[in-house]
Structure formats: C-alpha cells, structure tokens
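Dear colleague,

Please find below the structure that I am handing over to you. My notes on what was found in it follow directly after it.

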Amino acid sequence: MNKRFAPLYATLGLFILTVITFFTLNGRVFPNLELMPVIWVYIVTDVGLFVTLIWGLFTKDPVVKIYTILATIGLIIPLSIWIFLLLLANGISEA
C-alpha cells in the first residue's frame, strides 16, 4: 500500500462505512432503534470525513489532493444534509 494514497483509502473506507450504516441502521433491521445513536454514528463519520479532508489538503501530491478534496466534499455535503434531516425528524418526534 502506497502511503501517498492514504487519504484516498481513508475516504473510500469512510464512504463504505457510510453506505453500510445507511442500509443497516434503519427500522427494518432494528425495529426498536432510536434516532440519536444513528445520528451520532453519522456525526462521527462526518467528522472523520472532515479529518480526511484536512489530511488530503496537506498532501504533497497534487493529484491525490484534488481527488481527496472532491471526494470528501462530495460525501460531506449529502451526509451533513442527511444528519440535519435526522435531527429534524428526531426533534419532531420528541415534541
């Protein structure tokens, strides 16, 4: 494994983690699951993507830098919107 591609590997791993949690942490797999643990898992994943973005910005290789920036921003924005919608749904259901 080449160390210069490490930010890209981390981004890919976090993307796979996000897809797995999206399809497994739902009401069909876990019928009595509350929203807050799911929200915290997504927040931790989002923070991991932000750390990967910062890591990619300090990479010397310009190709890795560009792909890391594009991939992490392309994943952070929809995941942040999803977290906001889950927080909104949690707020509505608690009221």
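In these notes, a residue is called buried under 20% relative accessible area, exposed over 50%, and partly exposed in between, with a 1.4 Å probe and protein chains only. The model is a predicted one, in which local features need pLDDT of at least 70 and side-chain atom pairs count only at pLDDT 80 or more, while totals for chains, interfaces and linings use all residues. Residues are numbered from 1 along each chain as its sequence is written, and side-chain values use heavy atoms, with hydrogens and water left out.

The protein has three helices and zero strands (DSSP runs numbered from the N terminus, helices being H or I of at least four residues and strands E of at least two). From the N terminus on, the order is α-α-α. Along the principal axes, the C-alpha atoms fill a box of roughly 50 × 25 × 15 Å. Of the 95 residues in the protein, 26% are buried.

Apart from its neighbours within four places in sequence, Leu86 is in contact (heavy atoms within 4.5 Å) with Leu35, Val38, Ile39 and Tyr42.

Helix H1 (residues 6-24) packs with H3 at an angle of about 20°, and their axes are 9 Å apart; axes are lines fitted to C-alpha atoms, for helices over the stretch in contact, and angles run from 0 to 180 degrees between N-to-C directions. H1 and H3 are therefore roughly parallel to each other (angles under 35 degrees). On the H1 side, Pro7, Leu8, Thr11, Phe15, Thr18 and Phe22 meet Val64, Tyr67, Thr68, Ala71, Thr72, Leu75, Leu79 and Trp82 of H3.

Phe15, found in helix H1, counts as partly exposed because its relative accessibility is 37%. The C-alpha atoms of Phe15 and Ile76 are separated by 9.9 Å, although these residues lie 61 residues apart along the chain.

Finally, among contacts between residues at least 6 apart in sequence, 71% join residues at least 24 apart.

With kind regards

Methods:
Parallel < 35°, antiparallel > 145°, perpendicular 65-115°, else oblique.
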